[in-house]
Structure formats: C-alpha cells, structure tokens
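Here is a short note for a colleague who is new to this model. Please have the sequence and the 3D view open while reading.

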Amino acid sequence: MSDIEWGLLFDPALAIESLPYVLEGIWYTLLISIVSMGLGLIIGFFLALARTSKLILLQWPARLYISFMRGVPILVILFLLYFALPVIGIEFTALQAALIGFTINSAAYIAEVFRSSLASVDKGQWESSTALGLSYWQTMQRIILPQSVRIAVPPLSNVFLDLIKASSLAAMITVPEIFQKARIVGAREYDLLTLLILVALIYWAICSVMTILQNYLEKRFADFL
C-alpha cells in the first residue's frame, strides 16, 4: 500500500481549482432534472389513467409506450433525438433533445408509479363514491388521489434521484452539465480520475439534499393525510 501514488488517483489541488468551473454545469443538471420530472409527472399521470382504462384504444397504446420507454436505454433515445431526427428534417438543440428525452423516458416510470399507487387504494372507495353519486373525476380528486399521492411520494422521489444521476448522459450530446464540464477539465489536465471523483462527490451532495427533502415530504404527507 505504501507504494501507491495517491496523487495519481485524486489531486485535491486540481479538484479545488476545477470546482467553480465544474459547478457552472449544475444549472443544466438541475434544469434537466426538474423540468423533465415536472413534465414527466403530468404525462405520467395521464399515461397511468390510460394504462388502467377499460378502453382498449387507450390502454394498449399506453402499455406499448411504457414498455418501449422502459426497455430502451435513455442514451439511445437521446442519440435518436439529437442525431437521427435531423435526417428527416427535425432538429433540436442539445438541451432541447435532453429535456424531451428525459421527459418522455421518465414519464413511463412515473406512469407505473402512479398506476401502482392508484391500484393500492381499496376498490371499496370507488364503490362508496359511486353510491354517493360522485363522478369519476370527483372521486379521483377528493378521495383517490389524496390517498395515492402519499403512497407515490417515496417511489417518485427515487425516480427523481435516478433522473438527476442519469442527466449526466446529456454530456454525450454536448450539453454543458456537470459531467461534461468535468470531462473537459480532465482531458485538458490529463487527470480524468480526479474529476470523476469530484463529480461523484457533487452528485452525492445533490442527491443527499434531495433525500432530506424526500424525508420531509413523506413526513408532511403522513401528517396531513
């Protein structure tokens, strides 16, 4: 162990010097993660409703979409959006492609979270609501959603954490987020290991903050509901 040159693994001076530049990419990381999660929640909710619908014309397209998006690597989706679509005359900037890609991909996972949380609400709740003369949307808004949201918070938080980490793949289509910034410095200084460890620590810090927020939300929903 005494023969190991730890400076070749991690250079603290380079990490500290590079930190401000690498952190410039955090805004892209957060933008991609938050916007994709927000839009994914909206799309995922309606996908879940379609997925659980008794109408075949709604149910099967939703099933097919969810299956495809969960079965294809997000990197492939990003490459198709950024590199393949221009062939047929549809062009997106790198940031636009990342936002679209992560949104449509996360929506599939979110849809499954919503589907399972909606299914976990006792069917007797629906029957009681029907007996009271409540419409489908009144039942959903007043009875089903408040209960299912509490159940969905932990898995949705995990989807968001995965989304934050997966946003590093946007570097593959030149989005200047944290990982892309680190790659630039690592290539310039011929020390990619130091920058990779720095990036790992930054993502760890971000996800730790999000975990604290997750625990807070879980407690709030538990107290409220």
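1. E112 counts as buried, at 15% relative accessibility. Buried means under 20% relative accessible area, exposed over 50%, and partly exposed in between (1.4 Å probe, protein chains only).

2. This is a predicted model: local features need pLDDT of at least 70, side-chain atom pairs count only at pLDDT 80 or more, and totals for chains, interfaces and linings use all residues. Residues are numbered from 1 along each chain as its sequence is written, and side-chain values use heavy atoms, with hydrogens and water left out.

3. R51 pairs with E112, with the closest N and O atoms 3.8 Å apart. This pair links distant parts of the chain: R51 sits in helix α3, E112 in helix α6, 61 residues apart. Helices are DSSP runs (H or I, at least four residues), numbered from the N terminus. R51 is buried, at 17%.

4. R70 also bridges to E112, with the closest N and O atoms 3.6 Å apart. R70 lies in helix α4 and E112 in helix α6, so the pair ties together parts 42 residues apart in sequence. R70 is partly exposed, at 42% relative accessibility.

5. R115 meets E112 at 3.3 Å, N to O. Both are in helix α6, three residues apart, or about one helical turn. R115 is partly exposed, with a relative accessible area of 25%.

Definitions and conventions:
A salt bridge is a side-chain nitrogen of Lys or Arg within 4 Å of a carboxyl oxygen of Asp or Glu. Helices (H or I, at least four residues) and strands (E, at least two) are DSSP runs, numbered from the N terminus.
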